[in-house]
Amino acid sequence: MDGGSGLRFGRAPGGWPVLGHFVALRQRPLEFLDSLPERGDLVEIRLGPRPAFVLCHPDLAHRVLTDFRGFDRTGPVYEKVRAAMGSGVATVPYQDHRRQRLVMQPAFRHEHLRGYVGVMRDEIAAAMDGWSEGQVVDMVEAMFRLTTTVALKSLFSARIGAREAEELRAAFDVFLRGIYTRAALPVAGRLPTPGNRRYARALIRWRGEVERLIEDYRQAGGDRGDLMSRLLAARDDEGRALTAEELSDQVAVLLLAGGETTSAAVVWALHLLQEHPEILARVHAEADTVLAGETAGWEHLGRLDLTARVVREALRLYPPAWVVVRTAVRQTRLAGHTLAPGSMVLFSPYILHRRADFHPEPHRFDPDRSLSGAGGAGHRGSYLPFGGGATKCLGEEFGVAEATLVVASIAARWRLSALSGGGVSASARVVLTPKAFPVRLSDRSARPRATAAV
Ligand code: HEM
């Protein structure tokens, strides 16, 4: 027990001889995380030979997230992530972060959201135009394609064509899939396997393309009202611009931070709606009233209240950024336990969001829970899908707007029938996402067959 705070320290039982709890975390991540809070508020696990400390209490999460200098983005995981993704604002350590954050922040001001929402609307409409009655679509695949295209086009607007966007997206996909394994088990990345060769090729293609696009922008000059124009124009407090390499790293980071997280949020929301027909009916009704047959856009955003609450509740139950890693820079005491410098600390919103003392009936999908104000959801640190402190998500408004518009637009037009026969299984890579969510589409506006045949 922690003298002052009453927080408990514990250890997770079991674990494999060499890999520790890595196997459990990989094979049944959610059950494993669910099992931790009963062990304590700070729980020691082993990842390979290293101990890691999981924050299972909101107060500890708050403490760690608001002390970036003391719990930094250093250590082997971030070294690997930076080797793959570069040093963008979401991956750099404390000492480089402030400058990058200052430069990036203006591009995410509320006044720019309207322009990004325009991109979202066009891409949602284009994606749904490709769908037809009776078609089977894997929503994981389709939504990832949609959100990474939105991120790319918000960045590069006019200068990126459909084919280029698709090529870039595909290369990004390959290296995104490789990063998690490389970060967790570095040795796996060094073997000369076909997968590793594919990864290396995708990385080269990706970097080359992004650098070419940025150079194009520099040469063309001017403000296109997109993210890249804003990043090129931005200066830090000493008047310095981002270098070409820093810009390229921001692109990778923005796609990583913004693409798969948002698509995961959409897919979990759709999946939860499938499992709760009474809430789905209300979402259909809201979409019918607010959108009146249109694809959702800026003028609808403020009126899609229920859909936005569905998205926020899906983010509670299945936070895409399910584990965020930090390293203790100096010797620290947490929950009465002393952590040595260099200890890995894991912040998991998934765990915090399912604590019954802060979220009554935590496993129940209830988009209206925020209306009643019941429970301790207002407790600092108990609802953190976007993290907190100095590194809090820059794209929260962007991501929630996009997920809301996508869910509403789909609901307005399509009824989805899940083919997986019930549950979906979670894949916990960098992002927590369903492995697959194949659905059959039926057009809600189509007349019933019997009537149509008359
Ligand atoms: C539902 C969707 C999203 C979720 C759940 C999410 C979650 C998060 C979380 C938890 C962090 C904190 C990571 C840390 O502390 O190390 C973060 C950081 C970040 N996110 Fe998001 N994010 C989402 C969407 C987006 C979008 C759409 C963008 C951009 C278009 C974006 C850009 C960023 C950036 C740049 C950072 C780094 C901030 C910093 O370190 O200063 N995110 N996000």
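User: Which helix gives the most to the shell around the ligand, and with how many residues?

Analyst: This is a predicted model, and in it helix H11 gives the most to the shell around the ligand, with 7 residues. Helix H11 (244-275) and helix H17 (396-413) each supply at least two residues of that shell.

User: Which of the residues around the ligand come nearest?

Analyst: Of the 25 residues around the ligand, the nearest are Gly258, Gly387, Cys393, Gly395 and Gly399. By class, the shell divides into 17 nonpolar, 7 polar and 1 charged residues, and in this classification Gly is counted as polar while Cys is counted as nonpolar.

User: Why is H11 called roughly perpendicular to H14?

Analyst: H11 and helix H14 (residues 305-317) pack at an angle of about 100°, with their axes 9 Å apart. Angles of 65 to 115 degrees count as roughly perpendicular, and therefore H11 is roughly perpendicular to H14.

User: What makes up the contact of H11 with H14?

Analyst: From H11, the residues Ala265, Trp268, Ala269, Leu272 and Leu273 meet Val310, Val311, Ala314, Leu315 and Leu317 of H14. The residues of this contact divide into 10 nonpolar, no polar and no charged.

User: How do you know whether Ala292 is buried or exposed?

Analyst: For Ala292 the count is 9 other C-beta atoms within 10 Å; the cut-off for exposed is 12 or fewer, and therefore Ala292 is exposed. Ala292 lies in the loop between helix H12 (277-291) and helix H13 (298-301), and its phi is positive, about 45°, although Ala292 is not a glycine.

User: Why do E1 and E4 stand at the edges of their sheet?

Analyst: The sheet is an open one of 6 strands in the order E1-E2-E3-E9-E6-E4, with mixed pairing. Strand E1 (9-11) and strand E4 (71-72) each have a single partner strand, so one side of each is left without a neighbour in the sheet.

User: How do you know that E3 and E9 pair, and in what direction do they run?

Analyst: Two strands pair if there are at least two bridges between them, and 4 bridges join strand E3 (residues 50-55) to strand E9 (residues 344-347), which run parallel. As one example, the bridge partner of Ala52 in E9 is Met344. Helix H3 (residues 58-65) lies across strands including E3 and E9, running at about 120° to E9.

User: How many bridges join E10 to E13?

Analyst: E10 is joined to strand E13 (residues 438-443) by 5 bridges, which meets the requirement of at least two for a pair, and the two strands run antiparallel. Within this pairing, Arg415 has Ser442 of E13 as its bridge partner.

Key
Residues numbered from 1 in each chain as written. Predicted model: local features only at pLDDT ≥ 70, side-chain atom pairs only at ≥ 80, totals over all residues. Near = placed C-beta within 6 Å. Contact = placed C-beta atoms within 7 Å. Axes fitted to C-alpha atoms, helices over the stretch in contact; angles between N-to-C directions. Buried ≥ 20, exposed ≤ 12 C-beta atoms within 10 Å, placed from the backbone. Parallel < 35°, antiparallel > 145°, perpendicular 65-115°, else oblique.
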